[in-house]
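The model is shown below.

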Amino acid sequence: MAIIGVGLHPFGRHGDKLALEMGAEATQAALADAGTEWSRVQSAYVGSYEVSNPDAIVGRLGLTGIPVRGVFNGCATGGTSLQMAAAAIRHGEADIAMAIGMDKHPRGAFAADPAVAGLPAWYGQTGLFLTTHFFGTKIGKYLHDHGVSTASLAKIAAKNLRNGSITPHAWRRKPLSEQEILDVPVVNHPLTRFMYCGPDEGAAAVVLCRGDLAREFTSTPVYVRAAELRSRRFGAFELQSPSLPLTSAPSPTVDASRAAYEVAGIGPEDVRVAQLQDTDAGSELIHLAENGFCADGEQEKWLAEGATEIGGTLPVNTDGGLIAHGEPIGASGLRQIYEIVRQLQGRAGDRQVGGNPGVGYTHLYGAPGASAVTILSR
């Protein structure tokens, strides 16, 4: 199947504007990009954390009677919505389907009762239920185990903020130096304030169709070569894990990426531009290895050589990623798809990767240990 249109509502803070309004605007933008109308869509999957009935978006798009399903799968929601839309086409349920994501989060870190995740009260009382705490703990151990410096975290955050400064729909548009990022207060060691993303607001949408119909809509379709989702295995130390297992297992990211490469029939060396989950700078650093792009501990050399910059051998988070955009959960994964599609079509403006990239990659990771990987190509 092919992606024939993408749309985005800018990420950030938008006053009293409803998430449903943002979602409808992103949807209309994607339909316009595809040169088609809502009346031709036969199935849709709408992801959100804050909107309890995201299927209500049809009230702003048109009451056409099609199946519209609400989706929530943590930070992997956008990738899951895309996978479900692709599956509907693959299974013959629709010729044209949409994945839509939207959210409007309040300020501050995500908070909830640990019981909702099946965890004991002490897990929250000790502060471990805060995502900032988990990511600080995880990257601190990783840096120690693999001999990587904190300076590498500052390089990643500075790169993403720099990329965000040339991205019109990003939330954080001010570039910062590595030293400025290191000098601000630490939130959870070793991560400083500007090494984290923040919850915010926004929406994104993608139109997919059968591959044989794609050129009826666009001369530059982007094909979905793989869209895989994996959950954690016993022994994996993941978000909301109350302990570190004695016998370790790979992260679900490792499993999802390996499955995606196998389905697509390619390897990490074939990818020319990537979007990796950067909930914090440490996450991007770890995910470089977990997705097979380098070995554990090689990231410092990669970053020193500028490999992940827009002009590097593997540009990563060319739009600034989550650090520049923030994370409205339902929309974040589809924002990644938006960026890769525009890169593969040569429409990324100042962010455009050179050399006519033919293969793009997106990766999501979230609680309680789920990862979604999508591989796209021209």
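In this predicted model, Pro 199 is found in the loop between strand E6 (191-192) and strand E7. Is Pro 199 buried or exposed? Pro 199 counts as buried because its relative accessibility is 13%, and the cut-off for buried is under 20%.

Which residues does Pro 199 touch, leaving aside its neighbours within four places in sequence? The contacts are Arg 13, His 105, Pro 106, Gly 108, Phe 110, Trp 171 and Glu 327. Met 1 is 198 residues from Pro 199 in sequence, and their C-alpha atoms are 32 Å apart in space.

Strand E7 belongs to an open sheet of 9 strands with mixed pairing, in the order E3-E2-E4-E7-E1-E8-E11-E10-E9. Strand E3 (68-71) and strand E9 (273-275) are the edge strands, each pairing on one side only. On average, and with direction ignored, neighbouring strands of this sheet are turned by 20 degrees against each other.

In the sheet order, E7 stands between E4 and E1. Strand E4 (residues 96-104) pairs with strand E7 (residues 201-209) in the antiparallel sense, over 9 bridges. E1 and E7 also run antiparallel, joined by 8 bridges. Some of the residue pairs are set out here.

| Residue | Partner in E7 |
|---|---|
| Ala 99 | Val 206 |
| Val 6 | Val 206 |

How many residues of E7 are buried? The count is 9 of its 9 residues. Both faces of the strand are covered. One side carries Glu 201, Ala 203, Ala 205, Val 207 and Cys 209, and the other carries Gly 202, Ala 204, Val 206 and Leu 208; all of these are buried.

Helix H8 (residues 252-264) lies across strand E8 (222-231), strand E10 (359-366) and strand E11 (370-377). H8 runs at about 145 degrees to E8.

Conventions: Residues are numbered from 1 along each chain as its sequence is written. This is a predicted model: local features need pLDDT of at least 70, side-chain atom pairs count only at pLDDT 80 or more; totals for chains, interfaces and linings use all residues. Side-chain values use heavy atoms; hydrogens and water are left out. Two strands pair if DSSP finds at least two bridges between them. Helices (H or I, at least four residues) and strands (E, at least two) are DSSP runs, numbered from the N terminus. Axes are lines fitted to C-alpha atoms, for helices over the stretch in contact, and angles run from 0 to 180 degrees between N-to-C directions. Contact means heavy atoms within 4.5 Å. Buried means under 20% relative accessible area, exposed over 50%, partly exposed in between (1.4 Å probe, protein chains only).
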